[in-house]
Amino acid sequence: MYRIVAIIGPTASGKSVKAIELALERGGEVISVDSRQVYRTLDIGTEKLSSKEMRNVPHYLIDIREPEESYSAGEFLNDATRLIEEISSRGKLPILAGGTHFYFDALLNGIPQSGTPNPQLRAELQKLSVEELFARLQALDPRRAERIDAQNPRRLVRALELIGEFGMVPERPENESRYDVEWVVIDPPREELRTRIDSRLKNAFERGLMDEVSIVRERVGDARLNEFGLEYRVVGECLREEREEASLLPVLSAKLWHFAKHQKSWLKRLAKGDSITS
C-alpha cells in the first residue's frame, strides 16, 4: 500500500502553496490534480505557479497537453498511478493537490460505468446552460449532483446521458484501495475565502486574463473554450460582446463563490479517515 498525501479545499484556498510547504518539510513531490492545468497556454485563468514559486519542488501533470487536445479522468488515473509508484520508489512522498474532485474520485474509487453515447440527447443537452444542466442533474440524480463539478458542462452532459440509459449514474465497482491517504483539508472561513477569491480575480485581470482567453479562443473556438471553466467561459462571453466588460469581476466573483460552496460540501464528504484541517 502506498502512502500519499491528498490536499483538498475550495478554489483560491491555497492548496498549491500548502503542497509546496509540505513537500519541503517532508521530502515530497507534487502531483497536480487539476483538469485545466494539464493544458499549456491556460496559465493565468488556472492560477499555475511559476517555476520560481515551485521552489525546486518537482511537479507533475502540468502543461502536458495542448488546449486542442483532450485529457480524460482515465488518463489521469493511469498517469497518477504510475507517478505515485515512481515517486514512492525513490523514497519520496507523493503529494496530490488540486481542485478536480472527479480526478480524486477516479484515483481512489475507480471510474463509473461508461455506457453507450447518445448523440441525439447530447446535442439537445449541449444547448442548455451549465446552470440548467446542473439543475436537471439535481432533480434526476441528487447523489451524483453532490459529487460532480457543477461548472463543467462536458461532465454534466455525460452524467445526464448515463441517466438517460440507466436511470441514474451507475455506482463505481467496489475495489480495495491501494493507498493509505493522509487528508489535508484547507477550509478557510467564509469571509476570508471570499476575499481570497476577489483578490485572485483582480490579480488575474491585471496579469492579462483577457488576452489569454482571447488567444485560447482563437485556437480552440467557443465550444471548447467553455469547457475550460468559469473564467474562460465568462470572459469568452465578453469577447463575443454578450456581456459588458464592467460586469466581469462581480459576475465571476459571485459564480466562483457559488462554486466554492459546492466544493466545500464535497470535501466534507470525501475527507474521511485520517484528516488534518489547517
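The lining of the second largest pocket in this predicted model divides into 15 nonpolar, seven polar and 10 charged residues, where Ala, Val, Leu, Ile, Met, Phe, Trp, Tyr, Cys and Pro count as nonpolar, Asp, Glu, Lys and Arg as charged, and the others, Gly among them, as polar. A pocket here is an open set of points on a 1 Å grid over the protein atoms alone, with protein on both sides within 12 Å along at least five of seven lines, and a lining residue has an atom within 4 Å of a point. The space in this second largest pocket comes to about 830 Å³, a volume being the space filled by probe spheres set on grid points that are joined across faces, edges and corners. Of its 32 lining residues, P153, R154, R155, V157 and R158 are the closest to the centre. Helix α7 (153-166) provides the largest share of this lining, eight residues, and α2 (73-89), α5 (130-140) and α10 (222-226) each supply at least two. Helices (H or I, at least four residues) and strands (E, at least two) are DSSP runs, numbered from the N terminus.

Local features need pLDDT of at least 70 and side-chain atom pairs count only at pLDDT 80 or more, whereas totals for chains, interfaces and linings use all residues. Residues are numbered from 1 along each chain as its sequence is written, and side-chain values use heavy atoms, with hydrogens and water left out.

One cavity of 30 Å³ or more is present, a cavity being a set of grid points where a 1.4 Å probe fits but cannot get out. The largest cavity has a volume of about 40 Å³ and is lined by I44, G45, E47, R200, L201, A204, L209 and E231. Helix α8 (residues 190-207) gives the most to this lining, with three residues.

Two of these lining residues, L209 and E231, also belong to the contact (heavy atoms within 4.5 Å) of α9 with α11. Helix α9 (residues 209-220) and helix α11 (residues 230-239) pack at about 85°, their axes 9 Å apart; the axes are lines fitted to C-alpha atoms over the stretch in contact, with angles from 0 to 180 degrees between N-to-C directions. The two helices α9 and α11 are therefore roughly perpendicular, a class that spans 65 to 115 degrees. The residues of this contact divide into seven nonpolar, two polar and three charged.

Note on methods: Angles under 35 degrees count as roughly parallel, over 145 as roughly antiparallel, 65 to 115 as roughly perpendicular and the rest as oblique.
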